[in-house]
Amino acid sequence: MINRLHKKIKIMSTIDDEIIQQEYQALLEEYKKSGHRLDFEIVDKAFNFAYNAHKGARRRSGEPYMMHPLAVARIVVKEVGLGTTSVCSALLHDVVEDTDYTVEDIKNLFGARIASIVDGLTKISGGVFGEHASKQAENFRKLLLSISEDIRVIMIKIADRLHNMRTLASMPVAKQYKIAGETLYIYAPFAYRLGLFRIKTELEDLSFKYEHPEIFKNLSEKLDQGEVAREDIYSKFIAPVEEKLHSMGYEFYIEKRIKTIYSIWHKMKVKNIPFEEVFDLLAVRIIFKERKDISEKDQSWLIYSSITSLYRPHPERLRDWISAPKANGYEALHLTVMGPNGQWVEVQIRSERMHEIAEKGLSAHWKYKTGDNTPETELDNWLKTIKELLDNAEPTNAVDFIDTFKLNLFTNEIFVFTPKGEIKTLPSGATTLDFAFSLHSDLGMQCIGAKVNHKLVPLSHELTSGDQVEILTSKKQKPQQEWLNFVTTARAKAGLKSALRKETKIVINKGKEIAEKKFEEIKLPLDNQNLQALLGYFKIVDKNELFYEIGKEIINLDDIEKKIFKQNTSTRWFNYWKLQLGLAKKPDLLLTEGSEDASKKEENKETAVKIDRKKTLVIDDTCTDIKYTIAPCCKPIPGDEVLGYVNNNESVTIHKRECIVAEKLKANHGESIVPVEWGSRKILSFPAVIEVKGIDAQGVLLQIIEVVSKGCAINIQKISIETKDGIFEGTFHVFVHNTEDVNNLISNVLKIKAVNSVSRIEENL
Ligand code: MN
């Protein structure tokens, strides 16, 4: 018996060893091809060490644990384009976290560099988002710190996350939400920022697949249906292009591209259009070998010219990222042309060098950076910004900190010019003040306004691409609290906050001096007892607050000897102080959820039933013991894909899965997210808002109202209609049972001739 068991274990471990060896050989193959300086000895050593450390451990999917670090190492070398140090670090990345070995052990065996990367990876291994906001800030700081120490940490972390996303199916549903949410919220933007486009796209698509499985399936089917027609268009489109480019003596290849499901869905949502109207579904990429006789830029434009002589270009869809590369280093020429079947086709033109940068981002970018006199790129600037942000950040305000930083990770970029014609890249939404800070923090602090395209504008003026901006300063200017309302870049925010803190300190000292003088005058000591009397009188809790108000001349000490023991009931000053320091700042959505809970908690204490986070919650008229509310932000109705957020009092708020608020909750409070499904029994009516647009023909409104009110399952709550220049726009607030009602309603209203479009909208008033 024992013998048989022994044998079985032995066979299993032989099988394990076989697949591990296979995966290791595959890794070595990629490593050989990588073009990096090779050191098989140390890679072997890292492999064997990790192999023994993880021996016997398994992943949730059942495969040996070692398969994970091996897969991550393969992604690191093949898809991220990193070399020996990173491959070893990837192989070792979970050893400290999951086994008894320490960073010290790694250091002794593999040296300080690898040990510090593994240390960085271990510190952020729990994911960025913990259970509490303070924990999040802490984790996020760690992440940023590790980036500023060695950028390879985040690149390996992204590889780690990519493999976890590829194998996410074996995780329980609630965990899937959390991981997918965090990926979309933080890792995909990071990948984008580092120029890892392909990985960013895959991360988004995978997150989407797990967050919206139904929509994902539906859209993939639609894409599959068009497959044959697309192939036909491609071959018709490409043939003449190939002929032309060959005749011009180019070496090149053409990649056929199809928009990812996530980006199709994103576009449908943003533009509020059906699948059929997403018009740049098709794209081709022309990657040419650089010729010695012409510059890459000229070659790109020559190719552009030959394509537009074959196909008509869309006048508004030309993007030149060669003259002004994106902040993450991306270069290419994009255009959209009308294809042979009247379909729009996007064409991306890149040299092989540009292509490698586009695929592998930062690592390729460094490869092409030669010598020390290469000008600093936007990427180098970005790393600098991270360091500045870390130096200036307050550790207390977690959510704010992450949001500020996140804002600077992705968003679209605009290009603006200095008066000398230098190009600066800023996130869209940036103001003149952001621009001033981007040039120099002193310019920001002393900025009084700007000239944009030679016209005078205020600090808060929002810039657009192509603006030429001249900053106006004055030595007398001082940074103001309100400025925080209209800066968006991390650099400006951090700089401003630290300046304001310094300013506060100066005012506090000034106030203290005034108080000391006054007490000398009235011959009383400024001791604890008298200070307490003052604080009590002015209803202030903290002595620094008191001194601040004295320094700001909000509080006047002139008559204190007469008044000091009288009561003053006004708390106005206190509030004013809070505003000054931003303490009473309007909390963001996350905090609102929390604070509302706190007040509700008291009332509901007794009735709360503990909700099982692991079970899917089914909402219908039979669930009377569970308290749930429909989220006011996205107003989901049965049929929508939803999830639940368990509040502190064990009540559940139901959000649409695509809701922005839900997205945030998922990323920040993943452990409070429960899967929710709608039950089959019809419950209560749900509010929905339908928007109708069309031509204002006679009687059309009457027809619409007739159709809407005829829908048997529907109640009209409110109708509002506006007409202007022969066009009408109306919204109908109705009560429905589910999405089926809404879809029926939409298709019925669409049958009316004069109606152009009908859609369900989210209206937040
Ligand atoms: Mn891992």
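## Helix H15 and its buried side

In helix H15, the buried residues are Gln299, Ser300, Ile303, Tyr304, Ser306 and Ile307. Keep in mind that this is a predicted model. What do those buried residues of H15 pack against? Two helices are on the list, H13 (227-247) and H16 (352-360). The rest are strands: E2 (282-288), E3 (313-320), E4 (333-338) and E5 (344-351).

## Strand E14, covered on both sides

Now over to strand E14, residues 652-656, which is mostly covered: five of its five residues are buried. Val652, Ile654 and Lys656 point one way from the strand, while Thr653 and His655 point the other way. Both sets are buried, Lys656 included.

## Who pairs with E14

E14 has strand E12 (residues 628-630) as one partner, joined to it by three bridges and running parallel. In this pairing, Ile630 stands opposite Ile654 of E14.

Strand E13 (residues 642-646) is another partner, with five bridges to E14, and here the strands run antiparallel. Val646 is found opposite Val652 of E14. E13 and E14 form a hairpin with five residues between the strands. Which residue there takes a positive phi? That's Glu650, with a value near 65 degrees.

Conventions:
Residues are numbered from 1 along each chain as its sequence is written. This is a predicted model: local features need pLDDT of at least 70, side-chain atom pairs count only at pLDDT 80 or more; totals for chains, interfaces and linings use all residues. Side-chain values use heavy atoms; hydrogens and water are left out. Buried means under 20% relative accessible area, exposed over 50%, partly exposed in between (1.4 Å probe, protein chains only). Helices (H or I, at least four residues) and strands (E, at least two) are DSSP runs, numbered from the N terminus. Contact means heavy atoms within 4.5 Å. Two strands pair if DSSP finds at least two bridges between them.
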